[in-house]
Amino acid sequence: KKPEVSGVMAKADIKPKSIHHAKKWSDDVENLYRFQQAGYRDEVEYKQVKQVDMVECWPETGFVKKLQRRDNTFYYYDKQRECEDKEVHKVKVYVY
């Protein structure tokens with residue numbers, strides 16, 4: 001399914017080595033889209049900032065279900081794809 005970010009990585013202040021924009025939709029791009037909508041680079045940064053070990057995901061699709069923004073309001077996401085084709089190129093993919 002999707003790669004798990006280890007607890008060690010979430011605790012350290014990890015910075016990405018490089019960045020590029022997504023070219024086509026995938027499950028990973030979908031989840032990055034959701035993290036970036038909530039104001040985070042990705043799962044790594046979310047876990048660092050929020051000091052959590054787990055992100056709530058839909059069991060059926062593996063997509064992120066709920067994220068807490070930095071101002072502590074919550075974003076709730078659908079089970080199905082939300083990142084439309086026209087939005088895919090805006091998603092930033094970080095390499096560690």
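**Legends to the close-up views**

**View 1. Cys83 is a buried residue, with a relative accessible area of 0%.** Buried stands for under 20% relative accessible area, exposed for over 50%, and partly exposed for the range in between, computed with a 1.4 Å probe and protein chains only. Cys57, at 25% relative accessibility, therefore counts as partly exposed. A disulfide is a pair of cysteine sulfur atoms within 2.5 Å, and by this rule the count comes to zero disulfides. The model is predicted: local features need pLDDT of at least 70 and side-chain atom pairs count only at pLDDT 80 or more, whereas totals for chains, interfaces and linings use all residues. Residues are numbered from 1 along each chain as its sequence is written, and side-chain values use heavy atoms, with hydrogens and water left out.

**View 2. The protein contains four helices and five strands.** Helices (H or I, at least four residues) and strands (E, at least two) are DSSP runs, numbered from the N terminus. In that direction, the elements follow the order α-β-α-α-β-β-β-α-β. The protein has 96 residues, of which 34% count as buried. A contact means heavy atoms within 4.5 Å; of the contacts with a separation of 6 or more, 65% come from residues 24 or more positions apart. The protein exposes about 6000 Å², and carbon and sulfur atoms supply 54% of this area. Accessible areas come from the Shrake-Rupley method with a 1.4 Å probe, and for residues only the protein chains shown count as cover.

**View 3. Helix H2 (residues 27–37) carries a run of buried residues.** These are Val29, Glu30, Asn31, Leu32, Tyr33, Arg34 and Phe35. Which elements cover the buried residues of H2? The cover includes H3, strand E3 (64–68), helix H4 (85–88) and strand E5 (92–95). Gly39, which follows H2, has a positive phi near 100°.

**View 4. Aromatic rings pair in several places in the model.** Rings of Phe, Tyr and Trp (its six-membered ring) pair if their centres lie within 6.5 Å; planes under 30 degrees apart count as stacked, over 60 as edge-to-face and the rest as tilted. By this rule, there are five aromatic pairs. The ring centres of Tyr40 and Tyr46 lie 4.9 Å apart and the planes stand at 90°, so this pair is edge-to-face. Tyr40 and Tyr46 are buried. Tyr75 and Tyr77 also form an edge-to-face pair, because their centres are 6.1 Å apart and their planes meet at 85°. Within this pair, Tyr75 is partly exposed, at a relative accessible area of 25%, whereas Tyr77 is buried, at 4%. Phe35, Tyr40 and Tyr46 are linked into a cluster by ring pairs.

**View 5. Charged side chains sit over aromatic rings.** A charge sits over a ring if NZ of Lys or CZ of Arg is within 6 Å of the ring centre and within 35 degrees of the ring normal. The charged end of Lys65 sits over the ring of Trp58, at 4.4 Å from its centre. Arg41 lies over the face of Tyr94, 5.8 Å from the ring centre.

**View 6. Glu45 belongs to helix H3 (residues 43–50).** Is Glu45 buried or exposed? Glu45 is buried, since its relative accessible area is 13%. When residues up to four places away in sequence are not counted, Glu45 touches Gly39, Tyr40 and Arg70.

**View 7. Strands E2, E3 and E4 form hairpins.** Two strands pair if DSSP finds at least two bridges between them. E2 and E3 run antiparallel and are joined by two bridges, with Glu56 opposite Lys66 in E3. Six residues lie between E2 and E3, and Gly62 in this turn has a positive phi of about 80°. E3 and E4 also run antiparallel, joined by three bridges; Gln68 stands opposite Phe74 in E4. In this second hairpin, five residues lie between the strands.

**View 8. Two residues other than glycine, Gln51 and Asn72, have a positive phi.** Gln51 has a phi of about 55° and lies in the loop between H3 and strand E2 (56–57). At 53% relative accessibility, Gln51 counts as exposed. Asn72 has a phi near 75° and is found in the loop between E3 and strand E4 (74–76). Asn72 counts as partly exposed, at 46% relative accessibility.
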